[in-house]
Amino acid sequence: MILKSESFRLERIVSTGQATPLGEWYDQDEEEWVLLLTGGARLLFEHKTEAYNMQPGDYLHIPAHCRHRVEWTDPRQPTVWLALHYPNRAKKDT
(Lines give C-alpha, C1' and ligand atoms only; values in the text may rest on other atoms or scores of the structure.)
Protein backbone atom coordinates (compact mmCIF):
# COMPACT_ATOMS: atom_id res chain seq x y z
CA MET A 1 0.00 0.00 0.00
CA ILE A 2 1.32 3.43 -0.89
CA LEU A 3 -1.08 5.68 1.03
CA LYS A 4 -4.24 5.29 3.09
CA SER A 5 -6.67 7.69 4.74
CA GLU A 6 -10.25 7.57 5.96
CA SER A 7 -11.33 8.54 2.43
CA PHE A 8 -9.17 6.40 0.16
CA ARG A 9 -6.50 3.72 -0.24
CA LEU A 10 -3.79 3.90 -2.92
CA GLU A 11 -2.06 0.63 -3.82
CA ARG A 12 0.70 -0.51 -6.13
CA ILE A 13 -0.10 -4.03 -7.35
CA VAL A 14 2.42 -6.20 -9.19
CA SER A 15 1.12 -9.16 -11.22
CA THR A 16 3.41 -11.72 -12.83
CA GLY A 17 1.08 -13.83 -14.92
CA GLN A 18 -1.69 -14.13 -12.33
CA ALA A 19 -5.40 -14.20 -13.15
CA THR A 20 -8.57 -14.48 -11.10
CA PRO A 21 -9.43 -18.17 -10.56
CA LEU A 22 -12.09 -19.50 -12.93
CA GLY A 23 -15.62 -18.89 -11.71
CA GLU A 24 -14.57 -16.17 -9.24
CA TRP A 25 -15.45 -12.48 -9.51
CA TYR A 26 -14.35 -9.36 -7.65
CA ASP A 27 -17.37 -7.59 -6.13
CA GLN A 28 -16.08 -4.66 -4.10
CA ASP A 29 -17.97 -2.27 -1.82
CA GLU A 30 -15.64 0.55 -2.92
CA GLU A 31 -15.16 2.38 -6.19
CA GLU A 32 -11.83 1.63 -7.89
CA TRP A 33 -9.77 3.56 -10.41
CA VAL A 34 -6.87 1.63 -11.93
CA LEU A 35 -3.95 2.73 -14.08
CA LEU A 36 -1.71 0.20 -15.80
CA LEU A 37 1.91 1.35 -15.54
CA THR A 38 3.79 -1.57 -17.13
CA GLY A 39 3.05 -4.97 -18.65
CA GLY A 40 -0.35 -5.96 -20.00
CA ALA A 41 -3.68 -7.20 -18.69
CA ARG A 42 -7.13 -8.30 -19.76
CA LEU A 43 -10.19 -7.59 -17.59
CA LEU A 44 -13.65 -9.08 -18.02
CA PHE A 45 -16.82 -7.53 -16.63
CA GLU A 46 -19.67 -9.88 -15.71
CA HIS A 47 -22.27 -8.70 -18.22
CA LYS A 48 -19.89 -8.06 -21.12
CA THR A 49 -19.04 -10.57 -23.80
CA GLU A 50 -15.62 -9.14 -24.66
CA ALA A 51 -12.70 -8.57 -22.32
CA TYR A 52 -11.02 -5.18 -21.97
CA ASN A 53 -7.33 -5.28 -22.98
CA MET A 54 -5.05 -2.91 -21.09
CA GLN A 55 -1.62 -1.59 -22.05
CA PRO A 56 0.66 0.82 -20.18
CA GLY A 57 -1.07 4.18 -19.78
CA ASP A 58 -4.60 2.72 -19.94
CA TYR A 59 -6.88 3.43 -17.00
CA LEU A 60 -10.47 2.77 -16.04
CA HIS A 61 -13.03 3.31 -13.33
CA ILE A 62 -14.67 0.23 -11.82
CA PRO A 63 -17.87 1.16 -9.98
CA ALA A 64 -18.66 -0.43 -6.63
CA HIS A 65 -20.29 -3.86 -7.04
CA CYS A 66 -19.39 -4.04 -10.73
CA ARG A 67 -18.41 -7.71 -10.87
CA HIS A 68 -15.15 -8.17 -12.74
CA ARG A 69 -12.18 -10.49 -13.01
CA VAL A 70 -8.60 -10.40 -14.26
CA GLU A 71 -8.51 -12.80 -17.21
CA TRP A 72 -4.79 -12.47 -17.94
CA THR A 73 -1.64 -10.59 -17.01
CA ASP A 74 1.60 -10.70 -18.98
CA PRO A 75 3.72 -13.65 -17.76
CA ARG A 76 6.87 -12.33 -19.50
CA GLN A 77 7.19 -9.12 -17.50
CA PRO A 78 5.71 -7.59 -14.34
CA THR A 79 2.34 -5.94 -14.79
CA VAL A 80 2.28 -2.96 -12.44
CA TRP A 81 -1.04 -1.37 -11.49
CA LEU A 82 -1.80 1.78 -9.54
CA ALA A 83 -5.18 1.25 -7.83
CA LEU A 84 -7.14 3.96 -6.04
CA HIS A 85 -10.00 2.66 -3.84
CA TYR A 86 -12.52 5.14 -2.44
CA PRO A 87 -16.05 5.08 -0.94
CA ASN A 88 -19.06 4.35 -3.11
CA ARG A 89 -20.49 7.78 -4.01
CA ALA A 90 -24.03 6.37 -4.29
CA LYS A 91 -23.95 4.78 -0.85
CA LYS A 92 -26.17 6.56 1.66
CA ASP A 93 -24.88 7.27 5.15
CA THR A 94 -27.12 5.77 7.82
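**Pocket lining**

I looked up the lining of the largest pocket by class and found eight nonpolar, seven polar and two charged residues. In this count Ala, Val, Leu, Ile, Met, Phe, Trp, Tyr, Cys and Pro are nonpolar, Asp, Glu, Lys and Arg are charged, and the others, Gly among them, are polar. I note that this is a predicted model, in which local features need pLDDT of at least 70 and side-chain atom pairs count only at pLDDT 80 or more, while totals for chains, interfaces and linings use all residues. Residues are numbered from 1 along each chain as its sequence is written, and side-chain values use heavy atoms, with hydrogens and water left out.

I then took the volume of the largest pocket, which is about 280 Å³. Of the 17 residues that line this pocket, I13, Y26, E32, V70 and W81 are the closest to its centre. A pocket here is an open set of points on a 1 Å grid over the protein atoms alone, where a 1.4 Å probe fits, with protein on both sides within 12 Å along at least five of seven lines; lining residues have an atom within 4 Å of a point. Its volume is the space filled by probe spheres set on the points, and grid points are joined across faces, edges and corners.

I checked which strands contribute to the lining: β2 (9–15), β3 (31–38), β7 (68–73) and β8 (79–86) each supply at least two residues. Strands are DSSP runs of E with at least two residues, numbered from the N terminus.

**Strand β8**

I looked at the partners of β8 next. β2 and β8 run antiparallel and are joined by seven bridges; two strands pair if DSSP finds at least two bridges between them. On this side I13 stands opposite W81 of β8. β3 also pairs with β8 in the antiparallel sense, over seven bridges, and there E31 stands opposite Y86.

Is β8 mostly covered or mostly exposed? I find it mostly covered, with six of its eight residues buried. Buried means under 20% relative accessible area, exposed over 50%, and partly exposed in between, with a 1.4 Å probe and protein chains only. A83 lies in β8 and counts as buried at 1% relative accessibility. From A83 to E24 I read 20 Å in space, C-alpha to C-alpha, and 59 residues in sequence.

**The open sheet**

I traced an open sheet of three strands in the order β5-β4-β7, with antiparallel pairing. β5 (52–54) and β7 are at the edges with a single partner strand each, so one side of each has no neighbour in the sheet. Neighbouring strands of this sheet are turned by 25 degrees against each other on average, direction ignored. The axes are lines fitted to C-alpha atoms, and angles run from 0 to 180 degrees between N-to-C directions.

I followed β4 (residues 41–45) to both of its partners. With β5 it pairs in the antiparallel sense over three bridges, and R42 stands opposite N53 of β5. These two strands form a hairpin with six residues between them. With β7, β4 pairs in the antiparallel sense over five bridges, and V70 of β7 is the bridge partner of L43. I also noted that β4 is mostly covered, four of its five residues being buried.

**Nonpolar core**

Which residues make up the largest nonpolar core? I listed 11: V34, L36, A41, L43, F45, M54, L60, I62, V70, W81 and A83. Such a core is a set of buried Ala, Val, Leu, Ile, Met, Phe, Trp, Tyr and Cys residues joined through side-chain atoms within 4.5 Å. β3, β4, β6 (59–62) and β8 each give two or more residues to this core. The largest share, three residues, comes from β4.

**Two loop residues**

I looked up K48, which is in the loop between β4 and β5. K48 is exposed, with a relative accessible area of 56%. K48 and T16 are 25 Å apart in space, C-alpha to C-alpha, and 32 residues apart in sequence.

H65 is not a glycine, yet has a positive phi of about 65 degrees.
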